[in-house]
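This briefing goes through one structure by topic. Look over the sequence and the model first, then read the points below.

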Amino acid sequence: MGVKDPLLIDKAPQLAAGQTSRSTALVRTHYSTEVLTRMALLSYRFFKDFRRELPGRTAGYVETGLLVGADEASVGPLLQNSAMHKSLGIDSRVMKPDELAASGIEPMLDANAFSLFAYEPNAGYAEPSTTASSFASAAVALGAKVLKGARAHKIERAPSSSAGGYSVVTTEGSVLCKNVVLATGVWSRPLFAAMNVDLPMRVSRHPVAIFGRPSSYLGTRPVVFDFPRSAYYKPEGSELLFVGSLAHELDASGPDADPDAYDEGVTYEETIDFSRSVAAALPAMGAAGTYRQGYAGLYDNTPDLHPVIDELSGHGYPGIYCVVGLSGHGFKLAPEFGRIISSLVTQGRFADYDVSVFGLRRFEEGRLLEGRYGVSTIL
Ligand SMILES: Cc1cc2nc3c(=O)[nH]c(=O)nc-3n(C[C@H](O)[C@H](O)[C@H](O)COP(=O)(O)OP(=O)(O)OC[C@H]3O[C@@H](n4cnc5c(N)ncnc54)[C@H](O)[C@@H]3O)c2cc1C
């Protein structure tokens with residue numbers, strides 16, 4: 001790969017213990033911007049061919065299909081997005097409610113509770129902790145080392161006599177290195193602050209309620225994005241349904257959560273809200289779905305809910321790279337994040353498409369990326 005002695009440092013005693021372990025891990029290509037769609041498509045192909053890409057390893061990928069159900073306001077953007085997806089070679093089918101009802105794709109869904117659908121048959125979900133472990137073990141097999149249980153406090157310029165450009169100061173001692181990649185998720189801010197780099201990122205709580213499905217609604221089923229009720233429904237395995245929010249306000253505003261001390265459960269009000277949404281969209285769930293449990297994870301939100309992928313050279317730190325602010329949709333893009341960062345580190349550039357749009361300076365320069373849907377900007 002052209003990198004000498006790569007080392008993965010994680011503060012946790014085991015890998016994939018961060019937000020990745022809480023992810024619903026949907027893998028879809030339905031995005032509003034061409035660059036994210038392209039990244040999602042290439043990443044999807046990686047998930048689909050995971051065993052060939054990383055022989056002997058799995059991401060636990062399950063192909064379910066995705067129904068993006070629009071409200072009236074989202075019909076125009078949905079048509080534009082679907083046309084853009086098709087132009088990139090994605091199988092995206094626009095369907096009216098009666099067409100969906102007649103198709104048998106998801107008979108449990110009340111199609112008339114929506115204005116229009118985009119159906120993406122190739123979407124699905126992966127097993128997030130397994131995916132992260134597979135990537136890590138493949139890296140170790142190629143010579144990478146892993147240092148667990150070491151929290152990095154700051155990154156200092158190394159003494160000029162040493163081989164490395166930087167010293168990563170951790171609770172387990174300092175590590176000298178030429179390059180550093182910060183992929184520190186919701187814990188990123190203190191590290192950036194210690195370098196005097198402004199990272200405009202907020203941390204918000206993202207609750208997920210888990211329901212048991214009735215006997216009429218078992219098995220592998222399409223995931224549903226429900227714009228009228230700002231919710232998503234992910235049939236997991238054969239019996240469960242994970243329900244979360246697509247509400248923009250929930251992700252972009254509200255109080256900042258402390259990643260080391262926040263409410264990791266789901267409140268009664270949140271459960272009631274989710275129950276109402278799911279009952280309106282999937283009536284069988286209202287009649288016979290059963291609440292099982294809930295949990296809350298965290299999103300690392302940037303002001304435009306798009307990731308920051310950059311080298312911090314413009315901030316005085318050449319050789320320090322970051323992939324942070326993934327804003328609640330970073331799991332599916334991980335294969336492309338890896339390809340981009342390894343190219344930036346080893347070749348100083350990434351030539352396949354323009355990733356400069358993800359630069360950190362875009363916030364102060366007012367070059368924010370925009371989704372087409374008002375209801376949710378992570379699409
Ligand atoms: C409930 C929920 C549902 C989601 N659903 C989806 C989805 O359907 N599809 C999708 O694409 N995305 C989804 N996401 C988002 C996705 O899961 C995240 O964007 C992604 O997993 C983040 O990966 P990460 O590696 O950046 O962060 P993390 O998985 O949190 O990893 C960061 C790691 O850095 C370590 N670390 C942090 N700071 C330090 C430090 N100072 N020193 C040493 N180690 C440190 C942590 O211990 C951790 O292991 C969801 C997120 C949540 C919470």
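Two residues are in contact if their C-beta atoms, placed from the backbone, lie within 7 Å. The model is predicted, so local features need pLDDT of at least 70 and side-chain atom pairs count only at pLDDT 80 or more, while totals for chains, interfaces and linings use all residues. Residues are numbered from 1 along each chain as its sequence is written.

**Nonpolar core**

- Val278 touches Phe211, Tyr233, Leu241, Val243, Met285 and Gly289, not counting residues up to four places away in sequence.
- The largest nonpolar core has 88 residues, and Val278 is among those with the most contacts inside it, together with Phe117, Tyr233 and Val243.
- Helix α1 (residues 34–48) gives the most to this core, with six residues.
- This core lies between domain 1 (1–62 + 128–201 + 306–379) and domain 2 (63–127 + 205–301) because both give residues to it.
- A nonpolar core is a set of buried Ala, Val, Leu, Ile, Met, Phe, Trp, Tyr and Cys residues joined through C-beta atoms within 7 Å.
- A residue is buried if 20 or more other C-beta atoms lie within 10 Å of its own, exposed if 12 or fewer, and partly exposed in between, with C-beta atoms placed from the backbone.
- Domain bounds come from an automatic or database domain assignment.

**Shell around the ligand**

- There are 31 residues around the ligand, and Gly18, Ser23, Gly185, Gly297 and Gly330 come nearest. A residue counts as near if its C-beta atom, placed from the backbone, lies within 6 Å of the molecule.
- By class, the shell has 14 nonpolar, 12 polar and five charged residues. Ala, Val, Leu, Ile, Met, Phe, Trp, Tyr, Cys and Pro count as nonpolar, Asp, Glu, Lys and Arg as charged, and the others, Gly among them, as polar.
- Domain 1 and domain 2 each supply at least three residues of the shell.
- Strands β1 (7–10), β13 (202–212) and β17 (290–301) each supply at least two residues, and β17 gives the most, with three.
- Helices (H or I, at least four residues) and strands (E, at least two) are DSSP runs, numbered from the N terminus.

**A strand pair**

- Strands β10 (residues 166–170) and β11 (residues 173–177) pair in the antiparallel sense over five bridges. Two strands pair if DSSP finds at least two bridges between them.
- A hairpin joins β10 to β11 through two residues.
- Ser167 has Leu176 in β11 as its bridge partner.

**Leu147**

- Leu147 is found in strand β8 (residues 145–148).
- Leu147 is partly exposed, because 16 other C-beta atoms lie within 10 Å.
- Leaving aside neighbours within four places in sequence, Leu147 is in contact with Leu7, Ile9 and Glu172.
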